[in-house]
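Subject: Structure for your review

Dear colleague,

Please find below the structure that I am handing over to you.

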Amino acid sequence: VNKHRDTYFKVLRLLNDSIDVNNELDSAFEKIKNYKDSKNHWYDYIYSKHLISGSKEITSSIIEKFKKKFPNEDNDIIKTLENRVEIGSTSFQYFSLLSALADDYFKKEDYIKSSEFYEKAIDFNPNNYLIYENLAISYDLSNRLEKAIQTYDIVINDFNPVDGRVEFYKGLLLIRIGQKNNGCEYLKKSSKKNYIGNTTGI
């Protein structure tokens with residue numbers, strides 16, 4: 001991290017009520033955006049521009065330019081950035097805190113508590129499928145199976161993720177409750193998406 005650049009952008013964010021701050025930010029970024037290893041400059045600029053301008057349209061257009069400049073950037077990072085712009089920085093901060101608390105309880109195998117915090121996190125960010133997925137697994141592991149199935153279905157029907165994780169866990173649940181054929185179909189779908197590999201024989 002470039003400490004001088006980082007400090008400069010932080011000062012501009014703190015002065016975001018100044019008329020000239022937007023111009024200062026744009027001017028500073030123009031000077032450094034094409035530096036070698038400039039990716040972090042872009043992230044700082046996007047974050048600062050969003051806080052200062054408050055405009056989804058402006059920030060989204062910068063993100064599109066970033067994606068063209070760095071086509072191999074991790075897609076999950078891009079989605080997180082776009083999500084932050086979509087729901088706003090304040091909501092994203094609450095969401096991040098609540099989901100982190102939920103993850104902590106999940107790791108401690110306190111699935112009742114983890115589900116409570118995942119539910120609260122969804123209130124601030126209803127467009128993040130991973131939180132619904134983790135919520136469904138929390139319901140599943142705390143034996144609230146009807147809620148688990150309903151939430152797995154939200155992930156599958158509303159978000160249709162490509163990694164196969166949700167189909168895998170729903171398949172296991174269905175097999176546990178005696179719906180073997182239906183459960184195996186979901187495991188096959190998971191396998192086709194390479195979550196458990198194609199050599200399982202399912």
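Helices (H or I, at least four residues) and strands (E, at least two) are DSSP runs, numbered from the N terminus. This is a predicted model, in which local features need pLDDT of at least 70 and side-chain atom pairs count only at pLDDT 80 or more, while totals for chains, interfaces and linings use all residues. Residues are numbered from 1 along each chain as its sequence is written, and side-chain values use heavy atoms, with hydrogens and water left out.

Overall composition

The protein has 11 helices and zero strands. It comprises 202 residues, of which 39% count as buried; buried means under 20% relative accessible area, exposed over 50%, and partly exposed in between (1.4 Å probe, protein chains only). Taking contact to mean heavy atoms within 4.5 Å, 48% of the contacts between residues at least 6 apart in sequence join residues at least 24 apart.

Helix α10

Helix α10 spans residues 165-176 and has 12 residues. From its first C-alpha to its last it reaches 17 Å, close to the expected 16 Å; the expected span is 1.5 Å times one less than the number of residues. Its buried residues are Arg 165, Val 166, Glu 167, Phe 168, Lys 170, Gly 171, Leu 173 and Leu 174. The cover over these residues includes α8 (129-141), α9 (145-159) and α11 (180-192). Just after α10, Gly 178 adopts a positive phi of about 95°.

Salt bridges

Side chains of opposite charge can pair when their charged atoms come close. A salt bridge here is a side-chain nitrogen of Lys or Arg within 4 Å of a carboxyl oxygen of Asp or Glu, and a search of the whole structure finds 11 of them.

One of these is formed by Arg 176 and Asp 140, whose closest N and O atoms are 2.6 Å apart. Arg 176 lies in helix α10 and Asp 140 in helix α8, so the pair ties together parts that are 36 residues apart in sequence. Arg 176 counts as exposed at 51% relative accessibility, whereas Asp 140 counts as buried at 4%. Elsewhere, salt bridges that share partners join Glu 64, Lys 67 and Glu 82 into one network.

Lys 39 and Glu 73 also meet through their side chains in a salt bridge (3.1 Å, N to O). This pair links distant parts of the chain, with Lys 39 in helix α3 (residues 39-53) and Glu 73 in the loop between α4 (56-69) and α5 (75-87), 34 residues apart. Lys 39 is partly exposed, at a relative accessible area of 31%, and Glu 73 is buried, at 16%.

A further salt bridge joins the side chains of Lys 108 and Asp 104 (3.5 Å, N to O). Lys 108 is exposed, with a relative accessible area of 57%, while Asp 104 is partly exposed at 37%.

Ser 138

Helix α8 also contains Ser 138, which is buried with a relative accessible area of 0%. Leaving aside residues up to four places away in sequence, Ser 138 touches Phe 106, Tyr 111, Ser 114, Ser 115, Tyr 118 and Arg 144. With Ser 114 there is a polar contact between the two side chains (2.9 Å). A polar contact is a pair of N or O atoms within 3.5 Å; within protein, one must be able to donate a hydrogen and the other to accept it, and residues adjacent in sequence count only if both atoms are side-chain atoms.

With kind regards
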